[in-house]
Each structure stands twice: as structure tokens, then as C-alpha cells.
Amino acid sequence: MRTYLALARLAVQRQFTYRAATLAGLLTNFFFGLLRAAVIVALYGQRSTVAGMDVQQAVTYTGISQAGIAFLSLFSWFEIIHSVNSGQVGADLLKPMSFFGFWMAQDLGQALVNLLLRGVTIMVFYALYFGVSTPSAPAAWLALAVCLLLAWLISFAWRFLINLSAFWTPNAIGLCRLFYGASWIMSGFFMPLRFLPEWFQAICRLTPFPHMINTPVEIYLGLVDGPAALELLLHQAAWALALIAAGQVALHAGVRKLVIQGG
Amino acid sequence: MAYTLELYRRLIAIRIRAQMQYRSAFLADVFTTAVLNGASFFSLALVLQRFDGIKGWSLWEVALLFGTVDSAFGMMDMIFSGFDPDTFGQRVRMGDFDRMLLRPVPVELQVFSAEFLLRRLGRILEGGAILLLAMANLPVEWNAWRVGLIALAYVSQVAFFGGLFMIGAAITFWTVESIEAINVLTYGGQELNSFPYEIYNRYLVYIFTYLIPGIFINYYPVLTVLGKPDPFGMPWFAPYLAPVVGLGMLALGNAFWRFGLRHYQSTGT
């Protein structure tokens, strides 16, 4: 256990050193958030509420969306693939610790730092510039915390799983790009899923992606009542478990198939 | 000059052949990019339909904006792949760029031909498809002038974003950390130009009219082609400023690149 904590701590320290990049990243987040908010506000026009969201909530949504990018490594994460391509994975697999745990501890450290430095900061910018909605009751904050933890877990387990494709194919990066792309569209990153037709939402619900962005948004904005929120959290937990299990199975199968390049 | 062009042509041909070696991976990449970008436009289209357009612009009018800048950006990205600040910064850091400086061939030629990402074709084609669909679905008479204006806008955008890429690459001579700022202008600029400027707040519009004249490379040509009223009261020649802005940015990029090159001190690897 201590080893994993140490790994997480190292990851935290590592992420902290990229201060300039973090600042620049925040600039990017804010600019894109500004653009998306402008689009949303223009879309609303004279309407006060659409699909149960008012304008301020929709604008807040664009902030949460941006906040999620670094926290969930939403755009891309190819660390394991790189380690397979370089041969480093051989050494990693020989370590006296769980391969999954090895990566998870590091990702957790990195995610926590990004949640704070980029996620919270963006929301503060938004609060100052736009004014944002915030969860009302303490129970809502607790639900949000659990939701974020599960969202991260789903994101990590998913990224771990698809990175393992490197064990089978040299085109892993290309394949994973497809998956990452699908996840942006279906997570509610571009537009709240509520704005999209029911058939589209139904397709998205077949995947774990909505639980990365859309679910935290719904819980944060209080768009779902108590029992429904609990149900969402349970769905998240179920997906997380399923993805972790799938990762374990893939890892076991993959290790046997592994072809180490480089070294 | 002819020699340089011939060399460029040959080097690019090598890049293309290399990428075609893994043909299935290449096709998959092109397909993936096209599908993904297309899908995100598709979900935007669904939303636009639900909201009945945006600030008086219908779905297909927005699609004209969106498709043009999407495809043009992809084209720029393919041609200027070597100058992509992210990958170029790596080259500088690893000392690869120093190697280029030592060769008896113009360094710009080498940077241009260092990368030529054919897979950007996915985006070029997808954006192009949206553009063509928009043209087909708009109640506009597509005469030579209108088509020419769109083509002019397209080329201007390639030049504009190419110049930005060159500036970004030059910045990596000094620091690799702050490239995000340029990414705001390139990727952000592309996103910004995908929508009508009416939706942006005053200050943003001022910045992108007078500081970084992005408003002229896509919005004004499209506005004019569609015959929509000008909410900003620009002079009649506004859409024709597109090539001026595009070439201007390219020239600026080139100047900054030369400046950076002159003052470049290696990483010392």
C-alpha cells in the first residue's frame, strides 16, 4: 500500500513541476470555455430554459466540461502504449506490484493535481467572469465528490483497457485515437447530452462515456433529484467495476501475447 | 528556386511513400479522423436543429463557416506539419534541429519536409464534405464570384494558420513550455471561426478584428457570399481582406522564424 501511495505522491510532485504548462493550459481552457459559452448563450437566445437547463447552468456546464479535460486526461493518454513501444513495459511488469495498481496510483496523483490546479481554477475563473451555479446542499457536494471519484476511475480503467491494445497491435495509437474521439462525442463534452435527441442519448448510454462528463454535470447542477442521483452513482460504480474487470482480463491475456519492441 | 521546389517535391514523395507502407493503418487513420470530426459536427448539427439555428444563422449557413475553416485547417496542418509547435519543439529539444542546420540545404525546406502528415486528409475531406453539403443545401446561386470568394477564403486560411504555426515553431527556440498560448490561436482560432461572430462578446470581436484580424478570413467572405447583413458595419471590401490577412500572417510568421533562427542558441546536446 505504501508503495502505491509513494507512487501517487511522486506523480503529484511531477505534475506540480509543470507549472508553466499548467498555466498555459488554463489559458487554453478558459478561451475554449469562453467560445463554448458564447455558442450556448447564442443558441439559447430568448429562451430561458431548454431541456431542464437554464442559461446560467448551461454556461456553468461549459466550465465543468473544460475542467474535466486535464482531470480525466480526456483528449489522449498513451503512456502504456509508449511503454510497450519502448520496451519499458517489460521492466514494469516485473515489478513486485500490480501493473494496474502501478498505473492507477500515478494517474490518481496526476488527476488530483489537475483537478485542483486546472479544474477548480477554471471554475473560479468562471465564477468571477460569468457567475456560476454551485451545488446547494452538503449532500450535493458529497454526491459530487463521489461522482468525480467514480468518473476518474471509469476514465482510468477505460484508458488502461484500450492502452492494452498495444499488446496485440503496433497500431495501438491509431486505434485508441478512435476511442478517444468517440468518448468526446458521447461523454457530453461538446454539448450537454440533454440537448441531443433521445435516440442519440440512448446510444451514448450503451457506453461508459456519459459518466465521465455528463453525469458529473448533472449532479453538480442538481438536475437530478436524490433517488435519480443515487441511481446515476450506482451506474457509475457498475461501469467502473466492469471496466476494471475487463482490464484485468485483457492484461492476463495480453501479457501472454506481448511482443516487446526496443530494449 | 526550381531546385528547392524539386527537392521539396521529392522529400514529400518520400514521406508519402513511407506513410503508405502501412497502408491499412494509414487508411484507418484517415477514416478515423474523418469519422470523428464528422461525428462532432453531426452532434452540433443536431443541436442547431433543435435550437433552430444560432443568432439568425441556419444550420447550413453555419456549416459553410464550419466546413471551410475545418478543411482549410486540415490542409494547413498537412502542409505545415513540420512546423507544428508540438513536434517541432521536440526536434529542437532533442537536437534534431541542429542537425538540420548543418546540412547544405535550406533549413525551411527541411522543416517543411520533415513531416507531411497525409492522414490530415481525413480532416481535409471531412471538412470539404461539410462545405459541399452546405453549398448544396443553401438557397444560394453559386456563380463564379461566390465560389471564387470561398476558394479565396480557404487559401487565406491555410496561409493564416500556417503563419501562426511558424510563429509557434519559432517560439520553441526560446521555450518549449509556452506553446499552449499559440495553440489557443491556432486551434482556438479555428473553433472561433467556425461560428458567426455575432455570438461573441464585443471585446473578443475587437481583438479578432483589430489585433489578430481573424474575422476577415472566414466570416466576412461567407457573410458576403450568403448576402447576409453586416452587423459590424465594415467597408465593402472586408471579404477581400482575407488574402491580405492570410499572406500578412504568413509573412509575419516567416519574419519571426528568421528572427528566431538568427538568435538561436542550441540546446547543446
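Q: What makes a residue part of the contact of chain A and chain B?
A: Contact means heavy atoms within 4.5 Å, and in this predicted model the contact takes 36 residues from chain A and 33 residues from chain B. Residues are numbered from 1 along each chain as its sequence is written, and chains are lettered from A in the order in which they are written. Because the model is predicted, local features need pLDDT of at least 70 and side-chain atom pairs count only at pLDDT 80 or more, whereas totals for chains, interfaces and linings use all residues; side-chain values use heavy atoms, with hydrogens and water left out.

Q: How much area do chain A and chain B bury between them, and on which atoms does 73% of it lie?
A: Buried area is the accessible area (1.4 Å probe) that two parts lose on being put together, summed over both, and for these chains it comes to about 2,900 Å², with 73% on carbon and sulfur atoms. Of the area that chain A buries against chain B, F31(A), L35(A) and L43(A) supply 18%, more than any other three residues.

Q: Why is the pair E191(B) and R36(A) called a salt bridge?
A: The term asks for a side-chain nitrogen of Lys or Arg within 4 Å of a carboxyl oxygen of Asp or Glu; the closest N and O atoms of E191(B) and R36(A) are 3.0 Å apart, so the pair meets the rule. Across the interface of chain A and chain B, the rule finds two salt bridges.

Q: Why is T60(A) called buried?
A: Buried means under 20% relative accessible area, exposed over 50%, and partly exposed in between (1.4 Å probe, protein chains only); T60(A) has a relative accessible area of 0%, so the residue counts as buried. Leaving aside its neighbours within four places in sequence, T60(A) is in contact with M123(A), V132(A), S133(A), Y220(A) and L221(A).
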